[in-house]
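Hi there,

Here is the structure I promised to pass along. Please have a look at it first, and then read on for what turned up.

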Amino acid sequence: MIRKICGAALLLACLCGAARAQELPSIAVFSPGFKRLAALEAARPAVTAQAEIDIDEAAYARDLSVLSAMLSGTTFAYQADDAAQTLQIAREGETLGTYAVETDETMDALTEALLGKAILERVSLSLIADWLDGLSAGDALPFGFAVSEPFAIERTMSDDGTRLTKISVDGAIAREGEAAYKVEGYLRQPAGRAPKDTFELTFTQDEDNYIELLYSALRENEVTRKEREGTTSVRTTLKAAGKLAGSGISSRLTVTMKNRWTADGDALTERVRITASLGHTDRRPGMRWLRLNDVAASSEHALTITTHEAGDEVIAFIDALSLDVTLDGNAFLSAGADVTVRVGGQAQPAAQDAEPMTQEAVEALAGKLYRRLDDDVKATIQEGL
């Protein structure tokens, strides 16, 4: 009898342990929900998204009330599967137009590169080292650059030899027809309860053309109630400073991510807030005329996602986002949107009446929107914007 009781207790403990094996946010995984979403996206599922947009300030809108009236009650619905991508625009439930969405080779390549990757997560230093080590002279890089001198990689392991903690890099990149930039520096990724990733890289062409990049990302995790509630955060700073064509240039990007999560049974609900601010100064001649001497931008995303340990064939999340851009002290854009995204499940039938987004289609859409505006807004338009 005692053996039976002990056996039942052991079985119950195992079952409870299995029930609690749910992956929760931590230093290692910032968002299990978006990690699951990335895995689901790797199977190229159907995707639908719906957005409502509002604009509080826009540089080239003399009377923002007209633009606000046009956007009020207007929804943008995106749909994609292996066959096609469409954008449907509706106002107060009435469809105004359905348009085929074309992508270029650059976007296709970017989508392919990000497929299956959880973009909110820490990138493995080993993967970065292997990628750099695998580059050969002539291999293409972003922004029109290519490898002109393959990278030499020096690896530093942890004291116990189990982790790669630092890589030092030395190589060169260049644009076609331009002198090469020598690339030197290091990337460090420690372990610990609150690890701080850092890297310092210099890109040097000559004394009038060089950039120094400094990056840091501090990760922290606080559990309020064990396996029930907590907060995981990442605070990142990226600074760039140097000269281009002899003129000073500097940028500072700060990004803070916080994941306030709760777990209930097999359900994990994550409320992720991402705030970013960018300050950029470019003293090159001509930038002032483009109002690009000083750029300030800020954005905020409030994301909510719920996933289940048992697995989800469909994952949906909500994103309430805002964006503010200032150019040389002048407000350029202040806007927001509420977006709902659904990934997976059975694909909706493709729209049969999707048309290319041509100039004629844009004019026809504008006409449909105009006819649905009230008389006061039409009068404002006729008086001249």
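Gly73 comes after helix H3, and its phi is positive, near 80°. (Helices, H or I, of at least four residues and strands, E, of at least two are DSSP runs, numbered from the N terminus.) Within H3, which covers residues 64-71, the buried residues are Leu64, Val66, Ala69 and Leu71. Here buried stands for under 20% relative accessible area, exposed for over 50%, and partly exposed for anything in between, with a 1.4 Å probe and protein chains only. The partners that the buried residues of H3 pack against are strands E1 (47-58), E2 (74-80) and E3 (85-91), together with helix H7 (375-383).

Before you go further, please note that this is a predicted model: local features need pLDDT of at least 70, side-chain atom pairs count only at pLDDT 80 or more, and totals for chains, interfaces and linings use all residues. Residues are numbered from 1 along each chain as its sequence is written, and side-chain values use heavy atoms, with hydrogens and water left out.

As for the overall picture, the protein has seven helices and 16 strands. Its C-alpha trace spans about 90 × 65 × 40 Å along the principal axes. Of the 385 residues, 31% are buried. If you take contacts (heavy atoms within 4.5 Å) between residues at least 6 apart in sequence, 52% of them join residues at least 24 apart.

Setting aside residues up to four places away in sequence, Val169 touches Leu132, Phe151, Ala152, Ile153, Val183, Glu184, Gly185, Leu187 and Leu201.

H5 has Leu125, Ala129 and Leu132 buried. They sit on the same side of H5, because they cover an arc of only 70° around the axis, the arc being that of the directions from the helix axis to the C-beta atoms. E5, E6 and E7 are among the elements that cover the buried residues of H5.

Two single residues may also interest you. Phe145, in strand E5, is buried at a relative accessible area of 15%; beyond its neighbours within four places in sequence, Phe145 is in contact with Asp139, Ala140, Ile173, Ala174, Arg175 and Tyr181. Ser216, in strand E9, is buried too, at 19%. Not counting residues up to four places away in sequence, Ser216 touches Lys196, Asp197, Thr198, Arg235, Thr236 and Thr237.
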